[in-house]
Amino acid sequence: MTPEDRFPGPELPETGPRARMALDPLAYGHEGGVRGGPQRPWAEPGRPEHGGPGHGGPVAASLHVEDPAPPSVRGWFETGAGAGARPAGAVLGEAPPADPPTLDLGAPLGAVPLGGGPAAAAGPDRDGADTGTGPLYVVGDVHGYLDELLAALREQGLVDAEGHWTAGRARVWFLGDFTDRGPDGIGVIDLVMQLAAEAAAAGGYCRALMGNHELLLLGAHRWGDDPVQSGAGTASFLAAWRLNGGQQQDMDRLEPHHVSWLSRLPALTVEDGHLLLHSDTTAYLEYGASVDEVNDTVHELLASDDADEWWECFRRFTKRFAFRGEAGPLAVEELLGAYGGERVVHGHSPIPYLTGDARAEDGGAPDRVTGPHVYADDLAVAMDGGVTMDGRLLVARLPLHRAEERSG
């Protein structure tokens, strides 16, 4: 399983491949207490995912990485119940109400003609409207798994056997988290940059959003072990990066052009009625009332010399599970009302945790993810297939229609 987004503590694991661990109950954005103290894995009213430092309770910086959470608490976080109001009558350890099922991706979109992919020419979209543009695709969290990314892009007819763009006027958005945990994060970044140039030359585009791991990598590169105020004592970007799967080979290969490219990535965008963002959180609202305002604010922050503000941005964008539970649709609607669109599409939280298929206590592997997960009254689409936990790296064409995907 994936060691998701932890606070740095006094004992740090070595970088590089590590044994898979359960979702940490003290992930950013959740409340918690010291070992033996109160555990409150639900959010304060009115802001489903808010909690943790600055939002209602201290987080124990002293909790060791190897310390297991109590089973009752662990069950709530692993089923995604760390956000949203606690369902009436529910007790710790019980699974929350079921969400709509994960969708099958279906078969590839057909044979790829030489010289261009399935979107080489503009034409009607799935609803029959002639948009003048190619189809829209989204790519979930990659986390350094370059081979898996290339295979998923080839399956959708977006690249050829050598990894070059073949999709003509198609539009592709990566939802962030290129590095950490997997073996070749810099290789992933290089591929995305290459595809961006090749797509533009073919009349399409390949673009990317900033994930919390981009913020973490940039922070570790910029600030290293400099202390920052984490809300749980003294921390550092470098410690958090190592704790969250930072790979030394990625840091060694990080060059100025990578840093410049990553620093300019937008935090969110709207395409064809889809609000695309990395994290399933409403924390974006802390940075602006429009898409442009949020992106400008984040870019200004990354150009600043305020390490504490960098850390606060990373902490906020590492929150998760805002769209789960009874309050989830309201959280989605709050974002859509501010930024536009009719549906949110996000990465960040692995689908096995959103659906409750990942259970550390039984020692079994989660059910294999077959496609994106639509939930929150059909208002949200999750795209992190859990490639770091023997899941699947997802590439999907939007819009998603449940009946179509099931029969695909």
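Student: Why are helix 3 and helix 7 called roughly perpendicular to each other?

Tutor: In this predicted model, helix 3 and helix 7 (residues 256-263) pack at an angle of about 70 degrees, with their axes 11 Å apart. Angles of 65 to 115 degrees count as roughly perpendicular, and therefore helix 3 and helix 7 are described in that way. Helix 3 passes helix 7 in a left-handed crossing.

Student: Which residues of helix 3 and helix 7 meet?

Tutor: Ile-186, Ile-189, Asp-190, Val-192 and Met-193 of helix 3 meet His-257, His-258, Trp-261 and Leu-262 of helix 7. The residues of this contact divide into six nonpolar, two polar and one charged.

Student: Why does His-143 count as buried?

Tutor: Buried means under 20% relative accessible area, and His-143 counts as buried because its relative accessibility is 2%. His-143 is placed in the loop between strand 1 (136-139) and helix 2 (146-155), and its phi is near 50 degrees, a positive value in a residue other than glycine.

Student: What makes Asp-177 buried?

Tutor: The cut-off is again under 20%, and Asp-177 is buried because its relative accessible area is 1%. Asp-177 lies in the loop between strand 2 (171-174) and helix 3 (185-202), and although Asp-177 is not a glycine, it has a positive phi of about 65 degrees.

Student: What is the omega of the peptide bond that joins Leu-398 and Pro-399?

Tutor: Omega is about 0 degrees, and the bond is cis; Pro-399 has its place in the loop between strand 11 (395-398) and helix 12 (402-407).

Notes
Residues are numbered from 1 along each chain as its sequence is written. This is a predicted model: local features need pLDDT of at least 70, side-chain atom pairs count only at pLDDT 80 or more; totals for chains, interfaces and linings use all residues. Side-chain values use heavy atoms; hydrogens and water are left out. Helices (H or I, at least four residues) and strands (E, at least two) are DSSP runs, numbered from the N terminus. Buried means under 20% relative accessible area, exposed over 50%, partly exposed in between (1.4 Å probe, protein chains only). Axes are lines fitted to C-alpha atoms, for helices over the stretch in contact, and angles run from 0 to 180 degrees between N-to-C directions. Angles under 35 degrees count as roughly parallel, over 145 as roughly antiparallel, 65 to 115 as roughly perpendicular and the rest as oblique. A crossing is left-handed if the near helix is turned anticlockwise from the far one by less than a right angle, and right-handed if clockwise. Contact means heavy atoms within 4.5 Å. Ala, Val, Leu, Ile, Met, Phe, Trp, Tyr, Cys and Pro count as nonpolar, Asp, Glu, Lys and Arg as charged, and the others, Gly among them, as polar.
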